[in-house]
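Biologist: I have not looked at this one before. Can you walk me through it?
Modeller: Here it is.

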Amino acid sequence: MTIAISIQNLVKTYANGFEALKGISLEVEQGDFFALLGPNGAGKSTTIGVISTLVNKTSGSVEVFGKNVDTHSYETKLDFGVVPQEVNFSQFEKVRDIVMTQAGYYGLPRKLAAERCEKYLRKLGLWEKRDERSRSLSGGMKRRLMIARALVHEPRLLILDEPTAGVDIELRRSMWEFLTEINENGTTIILTTHYLEEAEQLCRNIAIIDEGKIVENTSMRKLLKELDSQVYILETNAQVPAGFSLKQDNMLLNIIDENIIEVTVSGGQSVNSVFAEFSEADIKIDSMRNKTNRLEQLFMSKLEGNG
Amino acid sequence: MLTNHKYIAFETIVIKEVRRFARIWVQTLVPPAITIGLYFVIFGNLVGRRIGEMGGFQYMEFIVPGLIMMSVIQNSYSNVVSSFFSHKFQRSVEELLVSPVPNYIILSGFIVGGMARGLAVGTIVTLMSLFFADLEIQNLFITVSVVLLTSIVFALAGFINALFANSFDDISIIPTFVLTPLIYLGGVFYSVELLPPFWKLVSALNPIFYMVNTFRYGILGSSDVDIVWAFFILVVFIVVLFSSCIMLLRRGTGLRS
């Protein structure tokens, strides 16, 4: 399996003495959809900054598709595209000019650049805005413009730093679909995000970074398996009788309201049995939802473990 | 990076720079033309008639080359410093830094952008001067080459200013407190022969003095300086400033944390 990105013992100490990265090591395989999670100030953006050469590292090495970013700057830069957290294009330029200029920086001939520009602006729903100045775009459109710009040279690796921060739910979902599509077409994606649901929905592998150290690096499936219980909120069509309990061992029932109950299901147990027992008591369940985001639970436990 | 890719990247930066100052022509091309036009009217025409001759020429003829050079110097410098600092301020410089464009191509693109504005304003001022004086260029090669080399020097200086600048105040300090005094004391309005020996010596330390006088030599055929020495100084400045810019870009000074 080809390694898309390999980070070894990466250390970054800023001029003010702040140690943002304390020797992190990480590998992301080609074709992966990889999440880098962490709280504010954990070192996510610094890691991306070092990969994209916007931050000078203190020590360590970064390789992109087997080539060192320091010694093979040209080849590695052709292989990745970066979508930063903050808007970083000129607010006075037109949408099309921003993408075309970026294509020019990568040496794309004008005809090919124009084709790619149209392709990605259309895919990201910005083609109609192509002749507008970028400052007139909404926040979500600006983020999509940065994605189009990062893809115009069709990199094998796309790095996104909090791409959906501050974006409404509908737009976030459409961006998820777009990212899933390009990942299925072969682009390796590394994503930092605060939205744990986003990582759970999109990513196959995950690393959690805290205080400049990797505290977890595993597959999403393995990580979620670590959960030994889940709490569901059930809404019933009738009042749950006082003293009602579940026959199953390791299932806790807590009546919150007349029609709302909380059920804790241990790992390995099926929720079908919960439905069966309510059905026997002639109580219909109208709706069911997970009380907490599963990944959020794990995330917090990992950070607490690190602290 | 392949040669044709480098050329496309270079061309992209130059087009972007030219498009930028052309888009805001009311701010970039008109004000210097008006300012220099006022110099022609007030100093050249009204005051100049009372002064009579300077360095063997009518005063208006004498100051025209200096004023053309002044506009080239100021605009080559200010185009690069304001454009590159704006890129830093808006963080759009990151578009360039994450791309595979080599540092010398980035630098060359901005230099040519600065030269384009400097020469555009210089051309406008030259055309305006034709309303006030008859210009007969005595040495076209020297005239063209000195104006090109001078605009390169000040475009490079503007680039260094932009790298170190952290605020918009920082990009106006050098033009106000260094560049303008050097230009005014560089023999634009007077011949160095009028100065006492001490101030003659001080003028000899001012690089702009050599540039203005060499340009004046190209147009009028008369100069206060040795032309070969002036070209040597220009080339040395270009080599030193270009090398410094490349070193600063490599280190990421003002660009990378």
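Modeller: A definition to start with: rings of Phe, Tyr and Trp (its six-membered ring) pair if their centres lie within 6.5 Å, and planes under 30 degrees apart count as stacked, over 60 as edge-to-face and the rest as tilted. Ring pairs of this kind join B:Tyr39, B:Phe43, B:Tyr184 and B:Phe189 into a cluster.

Biologist: What should I know about the model and the numbering?
Modeller: This is a predicted model, in which local features need pLDDT of at least 70 and side-chain atom pairs count only at pLDDT 80 or more, while totals for chains, interfaces and linings use all residues. Residues are numbered from 1 along each chain as its sequence is written, chains are lettered from A and ligands numbered from 1 in the order in which they are written, and side-chain values use heavy atoms, with hydrogens and water left out.

Biologist: How many aromatic pairs are there over all chains?
Modeller: The search of the whole structure gives 14. One of them is B:Phe85 with B:Phe89, a tilted pair at 6.2 Å centre to centre, with 35° between the planes.

Biologist: Where do B:Phe85 and B:Phe89 lie?
Modeller: Both are in helix 4 (residues 59-89) of chain B, 4 residues apart, which is about one turn of the helix. Helices here are DSSP runs (H or I, at least four residues), numbered from the N terminus.

Biologist: Is B:Phe85 buried or exposed?
Modeller: Buried, because its relative accessible area is 2% and the cut-off for buried is under 20%, with exposed over 50% and partly exposed in between (1.4 Å probe, protein chains only). B:Phe89 counts as exposed, at 54%.

Biologist: Which other ring pairs with B:Phe85?
Modeller: B:Phe168, in an edge-to-face pair at 4.9 Å centre to centre and 85° between the planes. That pair links distant parts of the chain, since B:Phe168 is in the loop between helix 7 (140-164) and helix 8 (170-184) of chain B, 83 residues from B:Phe85. B:Phe168 is partly exposed, at 42%.

Biologist: Which residues of chain A lose the most area to chain B?
Modeller: A:Leu54, A:Tyr74 and A:Tyr105, together 31% of what that side buries.

Biologist: And how many salt bridges between chain A and chain B?
Modeller: The count is 3, a salt bridge being a side-chain nitrogen of Lys or Arg within 4 Å of a carboxyl oxygen of Asp or Glu. B:Lys16 forms a salt bridge with A:Glu93, with the closest N and O atoms 2.5 Å apart.

Biologist: What about A:Thr76, buried or exposed?
Modeller: A:Thr76 is in helix 2 of chain A and counts as buried, at 1% relative accessibility. Not counting residues up to four places away in sequence, A:Thr76 touches A:Val64, A:Lys67, A:Asn68 and A:Val69.

Notes
Buried area = accessible area lost by both parts, 1.4 Å probe. Helix = DSSP H or I, 4+ residues; strand = E, 2+ residues; numbered from the N terminus. Contact = heavy atoms within 4.5 Å.
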